[in-house]
Amino acid sequence: MPGFVTAAGQGRSTPPRFAAAGRARTPGSWTPVSWADHEAAVARLEASYRAIPDGSPVRLAKKTSNLFRARARTDVPGLDVSGLAGVLSVDPVARTADVQGMCTYADVVDATLAHGLVPLVVPQLRTITLGGAVTGLGIESTSFRNGLPHESVVEMDILTGSGEIVTARPEGEHADLFHGFPNSYGTLGYATRLRITLEEVDAAVALRHVRFHDVQSLVEVIGRIVDTGEHDGEVVEQLDGVVFSATEAYLTLGHRAPLTGPPSDYTGSEIYYRSIQHDRSRPRTDLLTTHDYLWRWDTDWFWCSRAFGAQQPLVRRLWPKRLRNSAFYWKLIALDHRFDVADRLEVRHGRPPRERVVQDIEVPLDRTTEFVGWFLREVPIEPIWLCPVRSSGTWPLYPLRPGETYVNVGFWSSVPRDPGDPGATNRLIEAKVTELEGHKSLYSDSFYDEGEFWQHYGGDAYAALKARYDPGSRLLDLYSKAVRRT
């Protein structure tokens with residue numbers, strides 16, 4: 001690949017303003033995967049696909065996942081994705097990177113941040129993979145100006161259900177697959193390589209946490225920031241929010257900045273989401289290295305580490321720092337799914353089992369106040385996360401209207417289960433999201449009936465893609481995977 005950085009010493013040197021960041025690796029400390037090794041890894045993947053018997057489930061052979069829906073167990077070997085978890089090359093001039101499908105964002109950031117660059121959207125958890133974020137969905141505080149992760153993709157190599165590797169681009173022979181791949185969750189194929197666009201960053205991110213006493217005022221400010229890119233005369237490049245109650249909510253406004261003093265550190269005893277809260281009328285300010293800003297939510301899995309006691313001071317001091325991250329918390333959740341630990345404890349204490357309500361939804365900006373107000377009244381979960389997004393393209397399996405501002409609302413906890421309807425709260429949320437012309441991500445439990453599901457997630461467009469790229473139905477269809485959990 002002419003012009004691409006594949007080893008130390010090539011390409012642009014680290015910008016002086018960025019070198020002070022301290023926590024990021026320097027150019028040359030990341031090891032690129034050679035193109036020959038990549039081709040060998042793809043060949044192993046293809047061979048493992050051919051070895052799976054017809055009619056048997058096709059899954060990735062990997063130990064980690066960021067999905068929160070249970071799946072039927074199988075003894076059939078999974079797809080061999082060994083050797084597909086690295087960065088192939090970075091081009092700091094063109095601001096692009098070629099990345100393997102199983103590469104985590106943590107590894108991508110290590111490679112690109114060394115050159116003062118990062119992907120346009122970096123989802124909040126380190127273990128999310130590039131392929132996973134594109135075939136599923138991801139979002140972060142740059143999404144109000146950069147959309148969703150798949151909108152930074154230039155091209156993809158995809159192993160389709162027919163067993164063929166195709167290169168999909170926005171235009172050309174496989175443009176239909178390029179646009180239909182997002183939100184397909186591996187039911188049309190698996191990305192082996194993605195070329196993504198990068199953007200320049202500085203050594204740090206300067207933050208302002210602005211308090212609101214009602215959600216409507218916060219939503220109005222979101223709209224103005226998305227339209228103008230500023231607030232009170234200052235540029236805004238990162239934007240998200242947290243709602244603690246109907247009368248306490250915050251927007252966090254960020255912009256690139258030099259590292260002018262000691263940055264905050266929320267990987268130890270201090271907890272990031274608690275740092276947002278303040279009583280003063282003036283915004284609270286903060287400074288994080290760019291590296292730590294990107295992973296600010298990972299140490300405590302937003303606020304979900306409290307479910308494990310990891311936010312109690314004594315437990316936090318004893319909890320090994322290397323295990324204080326989303327990857328380890330997910331392992332605990334996986335054990336709970338397998339052995340029903342939480343439900344057994346509830347029953348032992350004379351309480352009913354709990355319904356897991358782990359969801360991200362998008363509603364139009366002008367319906368956000370209504371949804372949040374309804375949610376706070378009906379669902380006993382707090383806090384909730386807000387993240388505005390504006391898509392610029394057409395993606396048939398997750399059809400946000402191009403150019404319209406939506407707000408992602410994230411809520412991740414559980415509620416007492418209705419014995420007569422184990423999915424009662426999730427169904428209620430799905431109905432409300434539909435009423436407000438929104439959409440729901442499919443990484444967790446879904447309860448739509450089949451007709452309604454296809455109205456929301458591609459319908460005829462998906463059927464056409466399935467017929468072209470998986471004519472033998474080797475892969476599950478999206479409804480079976482997302483709702484039936486087969």
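Helices (H or I, at least four residues) and strands (E, at least two) are DSSP runs, numbered from the N terminus. The views below come from a predicted model, in which local features need pLDDT of at least 70, side-chain atom pairs count only at pLDDT 80 or more, and totals for chains, interfaces and linings use all residues. Residues are numbered from 1 along each chain as its sequence is written, and side-chain values use heavy atoms, with hydrogens and water left out.

**View 1. Trp301 and Thr299 sit in the loop between α9 and α10.** This loop runs between α9 (290–294) and α10 (313–318). Trp301 is worth a look for its backbone: its phi is positive, about 50°, although Trp301 is not a glycine. Trp301 is buried, at a relative accessible area of 7%; buried means under 20%, exposed over 50%, and partly exposed in between (1.4 Å probe, protein chains only). Thr299 is buried too, with a relative accessible area of 7%. Leaving aside residues up to four places away in sequence, Thr299 touches Tyr266, Thr267, Arg316, Arg324, Asn325 and Tyr329, where contact means heavy atoms within 4.5 Å.

**View 2. Tyr185 is a residue other than glycine with a positive phi.** Here phi is near 50°. You will find Tyr185 in the loop between α6 and β6 (189–200). Its relative accessible area is 8%, so Tyr185 counts as buried.

**View 3. A cis peptide bond joins Glu382 and Pro383.** Omega at this bond is about -5°. Pro383 belongs to the loop between α13 and β14.

**View 4. Helix α13 (residues 368–378) has its buried residues on the same side.** Thr368, Phe371, Val372, Trp374 and Phe375 are buried here. They cover an arc of only 165° around the axis, which puts them on the same side of α13; the arc is that of the directions from the helix axis to the C-beta atoms. Their packing partners are α7 (215–228), β10 (238–245), β13 (354–364), β14 (384–390), β15 (405–416) and α14 (424–435).

**View 5. Val154 lies in strand β4 (residues 153–160).** Val154 is partly exposed, with a relative accessible area of 32%. Its contacts, not counting residues up to four places away in sequence, are Arg169, Pro170, Phe178, Arg195 and Thr197. For a sense of scale, Val154 and Asp202 are 48 residues apart in sequence and 24 Å apart in space, C-alpha to C-alpha.

**View 6. Leu335, Phe339 and Val341 make a nonpolar surface patch of about 260 Å².** Patches are made of residues with over 30% relative accessible area and no salt bridge; like charges are joined within 9 Å, and nonpolar side chains (Val, Leu, Ile, Met, Phe, Trp, Tyr) within 5 Å. A salt bridge is a side-chain nitrogen of Lys or Arg within 4 Å of a carboxyl oxygen of Asp or Glu. Accessible areas come from the Shrake-Rupley method with a 1.4 Å probe; for residues, only the protein chains shown count as cover. Leu335 lies in helix α11 (residues 326–339) and counts as partly exposed, at 45% relative accessibility.
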